[in-house]
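Hi everyone, thanks for making time this morning. I'd like to walk you through one chain, so please have a look at it first.

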Amino acid sequence: VADNRAIGRRVVATERARASIEAAYGPLLPSTSDTRVAVPSLADMLGTVPSGTRYVVCVLRSSRDLAVDEAELVTALRILTAGHVTTMPSGDYAAVGGIAGDAPDLVIGQDVPFDREVSFRGVPVEVRMDAWLRSDTIRRMGFGHVIAAHQHTLIVERGVSFAAFDDHGAAIQASYRANIFAPQPRYLIDTIIR
């Protein structure tokens, strides 16, 4: 870190990397929030989805090291559904989908994988959960999929997976939380000058 600082470079770490650095070095390598990178909340992200836009939110039981922020998820669902949904359905596999600003067309929660076909204003949508979470620890192409208008729209991962899409099934906005694809805050690592 000191060598990089000496030549004008900054050392940047994710939240998980920062925790490892703090555990190993304690106060010798202090960190500060990197304000150059903003990580909007899920509610802020979903709040930008225009009314009338098709969407799907999927929540799969997360791994032990990445917990879903339930309060943030509930706030996001209230915004997206104009207050029609105030909690995510329970179960290891859950999905809410429909038209932003309206009551959802799909609300499902189960403890086993499922496959549901619905229509959001004439667009056929398939929400498919493909994996057994209790035995599959990682899947190369996700634990499930959202297919809209016969187009692959979203890979569903553990934690929260979200997509807003057009009438051709093309994702116009996607976001992940509490999984390996979730945006993370960044931290600048420094050294204590003696």
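I'll go through the overall picture, then the sheets, the cores and a few side-chain details.

Before that, a word on the source. This is a predicted model, in which local features need pLDDT of at least 70 and side-chain atom pairs count only at pLDDT 80 or more, while totals for chains, interfaces and linings use all residues. Residues are numbered from 1 along each chain as its sequence is written, and side-chain values use heavy atoms, with hydrogens and water left out.

So, the overall picture. The chain has 4 helices and 12 strands; helices (H or I, at least four residues) and strands (E, at least two) are DSSP runs, numbered from the N terminus. Along the principal axes, the C-alpha atoms fill a box of roughly 65 × 35 × 30 Å. Of the 194 residues, 42% count as buried, where buried means under 20% relative accessible area, exposed over 50%, and partly exposed in between, with a 1.4 Å probe and protein chains only. Among contacts with a separation of 6 or more, 51% are between residues 24 or more positions apart; contact means heavy atoms within 4.5 Å.

Now to the sheets. Two strands pair if DSSP finds at least two bridges between them. E1 and E12 (residues 186-189) are joined by 4 bridges, and Thr-14 has Arg-186 in E12 as its bridge partner.

Keep Arg-186 in mind for a moment. How far apart in space are Val-39 and Arg-186? Their C-alpha atoms are 8.9 Å apart, although the two are 147 residues apart in sequence. Val-39 sits in the loop between E2 and helix H3 (42-46), and with a relative accessible area of 32% Val-39 is partly exposed. Beyond its neighbours within four places in sequence, Val-39 touches Pro-183, Gln-184 and Pro-185.

Another open sheet has 4 strands, in the order E6-E7-E8-E9, again with antiparallel pairing. E6 and E9 stand at the edges with a single partner strand each, so one side of each has no neighbour in the sheet. Here the twist averages 20 degrees from one strand to the next. E6 (residues 115-120) and E7 (residues 123-129) are joined by 6 bridges, with Glu-117 opposite Glu-126. Their hairpin has 2 residues between the strands, and Arg-121 takes a positive phi near 50 degrees there. On to the next pair: E7 and E8 share 5 bridges, and Arg-128 is partnered by His-145 in E8.

That brings us to the cores. A nonpolar core is a set of buried Ala, Val, Leu, Ile, Met, Phe, Trp, Tyr and Cys residues joined through side-chain atoms within 4.5 Å. The largest one has 25 residues, and those with the most contacts inside it are Val-56, Cys-58, Val-125, Val-127, Met-129 and Val-146. Which strand gives the largest share of this core? That is E7, with 4 residues. A second, separate core of 21 residues includes Ala-43, Leu-46, Ala-94 and Ala-100.

Last, the rings. There are 2 aromatic pairs; rings of Phe, Tyr and Trp (its six-membered ring) pair if their centres lie within 6.5 Å, and planes under 30 degrees apart count as stacked, over 60 as edge-to-face and the rest as tilted. Phe-120 and Phe-165 are stacked, at 6.4 Å centre to centre with 25 degrees between the planes. Phe-120 is in E6 and Phe-165 in E10, so the pair ties together parts 45 residues apart in sequence. Both Phe-120 and Phe-165 are buried. Tyr-176 and Phe-181 make a tilted pair, at 5.6 Å and 50 degrees. Tyr-176 counts as buried at 16% relative accessibility, whereas Phe-181, at 48%, counts as partly exposed.

Note on methods
Axes fitted to C-alpha atoms, helices over the stretch in contact; angles between N-to-C directions.
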